[in-house]
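Here's a quick briefing on a protein model, meant to be read with the structure open beside it. Take a look first, then work through the notes.

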Amino acid sequence: MNRINTALEQDKKILSIYFTAGYPSLHDTTKVIQDLEKNGVDMIEIGLPFSDPLADGPTIQESSTIALKNGMTTSILFDQLKDIRKTVNIPLIIMGYFNPMMQYGIEAFCAKCQEIGIDGLIIPDLPVAEYHEHYQETFEKYGLINVLLITPQTSDERIRFIDSVSNGFIYMVSSASTTGAKNTFGNTQQKYFERIQSLNLKNPQIVGFGISNNETFMQATKTSQGAIIGSAFIKHLTHQGVDKIGDFVKEIR
């Protein structure tokens, strides 16, 4: 069974952390992953930096720019992760944009992910219909879960279609905006969370965008199975470096 599915079967709220590979320094990638697992994180999203990250807010955009300047590439990331499964057991997901994956070669990219132990992909700019028609068979051939996104503007019909072609979890974007930390969620977000809960989808949902502290983590997981934190963690890395990751995780739960 895919590690993502195994994690989702646990009777707990999932804490998933996103960080940008090659940030703050090029060779910090594996240390960040290892320390996150050591401090109790359930799942990790490894950001593959890209020059035009359409879904990302200023914090993650800046980290991507610095990572690219540091020299991060798809091939370097794969090289950094080639032995990661000797020390890390939790699910690892690569989150990135479709262009670098196409440049690498879709099948070659998927094969490399399987080889090093990546469990899934999150590709914000790959439409579900395009994935289903052209790429789902390849992803599944290499044991990769493709995590698809929904937003408050996504229709119930489209959500049910996304649910039908998914086999892990659905990434529930908390608001119609780019990534970025928030201190709390308002009534609009709470009603959206409740609407999705009422659809009784077969795949669990994990909330992302705007999770930054214990309050937003608890709000997001009241009606979902977990939450993803990105920008707030990147800020922590920016100000505290890679040696105080445990301090950040303790503040969330």
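A search of the whole structure turns up two cavities of 30 Å³ or more. This is a predicted model, so to speak a computed one: local features need pLDDT of at least 70, side-chain atom pairs count only at pLDDT 80 or more, and totals for chains, interfaces and linings use all residues. Residues are numbered from 1 along each chain as its sequence is written, and side-chain values use heavy atoms, with hydrogens and water left out.

**The second largest cavity**

- A cavity here is a set of points, on a 1 Å grid over the protein atoms alone, where a 1.4 Å probe fits but cannot get out; lining residues have an atom within 4 Å of a point.
- The second largest cavity holds about 70 Å³ of space, where a volume is the space filled by probe spheres set on the points, and grid points are joined across faces, edges and corners.
- Its lining has 12 residues, and Tyr18, Leu48, Asp56, Met95 and Tyr97 are the ones nearest the centre.
- By type, that lining splits into eight nonpolar, three polar and one charged (nonpolar is Ala, Val, Leu, Ile, Met, Phe, Trp, Tyr, Cys and Pro; charged is Asp, Glu, Lys and Arg; polar is the others, Gly among them).

**Helix 3**

- Helices (H or I, at least four residues) and strands (E, at least two) are DSSP runs, numbered from the N terminus.
- Helix 3 (residues 58-70) has 13 residues and spans 18 Å from first C-alpha to last, close to the expected 18 Å (1.5 Å times one less than the number of residues).
- Ile60, Ser63, Ser64 and Ala67 are its buried residues (buried is under 20% relative accessible area, exposed over 50%, partly exposed in between, with a 1.4 Å probe and protein chains only).
- Strand 1 (14-20) and helix 11 (231-240) are among what covers the buried residues of helix 3.

**Helix 2**

- Thr29, Val32, Ile33, Asp35, Leu36 and Glu37 are buried in helix 2 (residues 29-38).
- They pack against several elements, including strand 2 (43-47), helix 4 (74-80) and helix 12 (245-252).
- Gly40 follows helix 2 and has a positive phi, near 95 degrees.

- Val128 is in helix 7 (residues 128-141) and counts as buried at 4% relative accessibility.
- The contacts of Val128 (heavy atoms within 4.5 Å) are Leu148, Arg158, Phe161, Ile162 and Val165, leaving out residues up to four places away in sequence.
- Glu137 is in helix 7 too, but is exposed, with a relative accessible area of 69%.

- Most residues other than glycine have a negative phi, and most peptide bonds are trans.
- The bond from Tyr23 to Pro24 is cis, with omega near 5 degrees, and Pro24 lies in the loop between strand 1 and helix 2.
- Asn200 has a positive phi near 50 degrees and counts as exposed at 67% relative accessibility.
- Phe209 has a positive phi of about 75 degrees, yet is buried, with a relative accessible area of 7%.

Technical notes:
1 Å grid on protein atoms, 1.4 Å probe; cavity = no way out; pocket = protein on both sides within 12 Å on 5 of 7 lines; lining within 4 Å.
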